[in-house]
Amino acid sequence: MSENDTSIDTFKRWTVPVLQQYLRIRGLRTSGKKEELVALVYSANLMKIKQVLTPAEERKLKADQYCDKLKAPKGIVPDPLIDLTSGWITESKGVSMWPPTMYYYIATFLQKKEDRSLSYRLMKDYKEGKAYSYFTFGWLREVCYHHIDNNSPYCFLKAECTASQRINDVPHTTWVLLEKVSGEIQTAYWKLSDALLPACQNAAVFQYIHHNYTHYEPSEDFNVLSTETVTTTEGTILPLSLPETAGNCHDHNELLEKLKYTDADREKILQETRGQSENTEWFNQRKGRITCSRMHSVFTKSETLKKNNAVNTESLILGYKEKNSNIPALKYGRIMEPVARRKYKCILLQRKHQDLKVKETGLYIDTKKGYLGSSPDGMVECSCCGSGMLEVKCPLSIAHTIPSHVNT
């Protein structure tokens, strides 16, 4: 029986242990009746959910990825975290030796990411000044310089960077490999504990240290190597997420004051979080806020607090965990949501609604109470009935059936 055969009858012929093994190696639930397991396997196969790596396989993959970062176009460079234990020059003495890295090189580097969604997020963060905000808040610590050796065309910049959403955690170790003459970025990396992770916007923060010594503001248009005519655009900078904002406050009163937004701020967050679960900024802006899906939990917890004010509520609000996007029920919901939205629009059109608009949307926040937010599945508007919100539910449990009062 081929796994590529997507007929559900194929999986019905599998035994329960075989079904459970198929689900187990993909990190999926293995309990339930056989018909439930068949439905899960069928969905997982249809959605092409890959096997979950073992801890050993994951460690090897990350180690191989790190080794690849040390392979520069003009040869392999030493590991700055292991091989270069001495010879680092402090920031005050070494900044004059830094290569002339321009904005162009940073933008080019961020756009080279194979993960297009990651590339988009990093580029957007950089353009909107998040890297600069990390610098101004002092999250990037002293930047040290290493020339590797006199014959190497490359050099390293290395620093520790405080996690923007976990300011009390151990700082990340961040390094950037640059070409000495041109200033072109070859690769960048940040290390958290024993994890090997791809570089993030922390690498872009290095650019602003250089400005601190040359007295440039990041908003200025400049190129120290030549004169260029450029056009700048003005607009609202995307506000920091709630955890990032909280990291810069001394108490809850200051936080509540900073969580008051202008209409322009609200619109910026709304626009930049469109796509919701397909948009990393939606997750970022949603963290720490009381959203509709959390409202019931917050309410019940508040009732508990009336009886015992020592109850820890931090995990309730700040403990958002991004669920595994490959869970069959979630994946099915994402696939079917646009289908359901189109069907809903067709039904309204058949009912003769005039000037009908059904639009996707992002995260709405309350401008006066910025800790409140909501993400409707759509906004509906017509000239005959006015405006309203759309909430879409596509349960995997009733896939391929017509919803009714019996099965919903």
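This section describes the salt bridges of a predicted model, with attention to the exposure of the residues involved.

In total, 11 salt bridges are found in the structure. Side chains of opposite charge can pair when their charged atoms come close. Among the pairs is that of Arg266 with Asp263, whose closest N and O atoms are separated by 3.6 Å. Both residues belong to helix α12, which spans residues 263–272. Within this helix, Arg266 and Asp263 are three residues apart, a spacing of about one turn. The relative accessible area of Asp263 is 52%, and this residue is therefore classed as exposed, the threshold being over 50%. Arg266, by contrast, has a relative accessible area of 33% and is therefore partly exposed.

A further salt bridge joins the side chains of Glu257 and Lys260, with an N to O distance of 3.5 Å. Lys260 has a relative accessibility of 45% and so counts as partly exposed. The side chains of Glu391 and Lys393 likewise form a salt bridge, for which the N to O distance is 3.5 Å. Lys393 is exposed, because its relative accessibility is 66%.

Salt bridges also connect residues in a network, the members of which are Glu337, Arg341 and Glu360.

Key:
Residues numbered from 1 in each chain as written. Predicted model: local features only at pLDDT ≥ 70, side-chain atom pairs only at ≥ 80, totals over all residues. Heavy atoms only, no water. Salt bridge = Lys/Arg side-chain N within 4 Å of Asp/Glu carboxyl O. Buried < 20%, exposed > 50% of the residue type's maximum accessible area, 1.4 Å probe, protein only. Helix = DSSP H or I, 4+ residues; strand = E, 2+ residues; numbered from the N terminus.
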